[in-house]
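Here are a few exercises to work through with the model open. Try each one before reading its solution.

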Amino acid sequence: MVRPRAKTAARGARAGATAGATPRSLVLSEKAARIQALLDELYPETPIPLEHADPFTLLVAVVLSAQTTDKKVNQVTPALFAAAPTPEAMAKLSAAEIAAFIREVGLAPQKAKALRGLAEKLVNEHGSKVPSSFDELVALPGVGRKTANVVLSQAFGQPAFPVDTHIHRLAARWGLSRGRTPDHTEEDLRRIFPESAWNRLHLQFIYFGREHCPALRHDLAECRICSWAATKKRIADESKKKSKPRAKAAASR
Ligand code: SF4
């Protein structure tokens with residue numbers, strides 16, 4: 001199921017990816033195809049980074065992953081899932097008891113409260129099962145658009161392109177979207193890339209970002225994607241940043 005997009009006309013114009021084949025849309029589609037081919041070459045396998053056993057434990061892990069690393073989530077979930085492997089078991093714990101299991105992840109009190117409410121709602125309204133529709137998922141406590149899309153994609157195999165702040169930033173760096181928010185970027189990426197590739201591209205973007213983009217100093221010319229895909233503006237901005245220290249050093253000589 002493909003979820004409806006809002007206000008696509010304006011966003012299509014923003015991304016330059018509308019059906020009318022302007023020169024910019026041709027460039028964009030070629031760029032997207034080249035990025036997709038490179039990511040397929042670099043990351044032919046796309047294992048799911050968050051450890052889980054079923055849709056419920058995946059949902060819990062994704063809720064926990066907000067503003068923390070997958071590694072940290074994977075450290076705390078074994079004990080949590082041993083104590084509460086099902087919605088019924090999680091709903092029997094208090095928020096304070098859940099918080100004790102997850103205190104090492106950021107925002108533990110809020111996440112514990114959300115997990116308690118989420119488990120209760122699954123028991124009371126969904127027969128203790130994780131729903132497989134976007135609207136029902138985002139109606140659960142602690143579940144936003146990105147979390148719902150991850151669950152649809154990774155638990156139910158539905159086409160989705162979850163966009164977090166990292167993917168949002170990469171799409172901007174690679175000149176794929178000028179979206180101001182992750183939601184806008186998601187619309188652009190869904191339009192640019194074939195639906196059959198969305199689920200794996202989401203993970204491939206994440207792998208590439210983790211492997212390359214956290215570096216404090218990065219050279220666009222050396223990068224396998226930015227060297228040819230970055231926007232002219234970004235290349236100019238980055239080269240200004242790089243030349244500033246040299247200019248200061250020259251002035252102090
Ligand atoms: S140059 Fe490479 S590492 Fe730096 S932002 Fe672009 S893709 Fe990421």
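Call a residue buried if 20 or more other C-beta atoms lie within 10 Å of its own, exposed if 12 or fewer, and partly exposed in between, with C-beta atoms placed from the backbone. Helices are DSSP runs (H or I, at least four residues), numbered from the N terminus. This is a predicted model: local features need pLDDT of at least 70, side-chain atom pairs count only at pLDDT 80 or more, and totals for chains, interfaces and linings use all residues. Residues are numbered from 1 along each chain as its sequence is written.

**Exercise 1.** Work out which residues of α9 are buried.

*Solution.* Finally, step past the helix end to G157, whose phi is positive, near 65°.

**Exercise 2.** Find the residues that touch the most other members of the largest nonpolar core.

*Solution.* A nonpolar core is a set of buried Ala, Val, Leu, Ile, Met, Phe, Trp, Tyr and Cys residues joined through C-beta atoms within 7 Å. Of its 54 residues, the answer is L59, V63, L115, V151 and W174. The largest share, 8 residues, comes from α3. Domain 1 (1–42 + 168–253) and domain 2 (55–156), with bounds from an automatic or database domain assignment, both contribute residues, so this core lies between them.

Note on methods: Helices (H or I, at least four residues) and strands (E, at least two) are DSSP runs, numbered from the N terminus.
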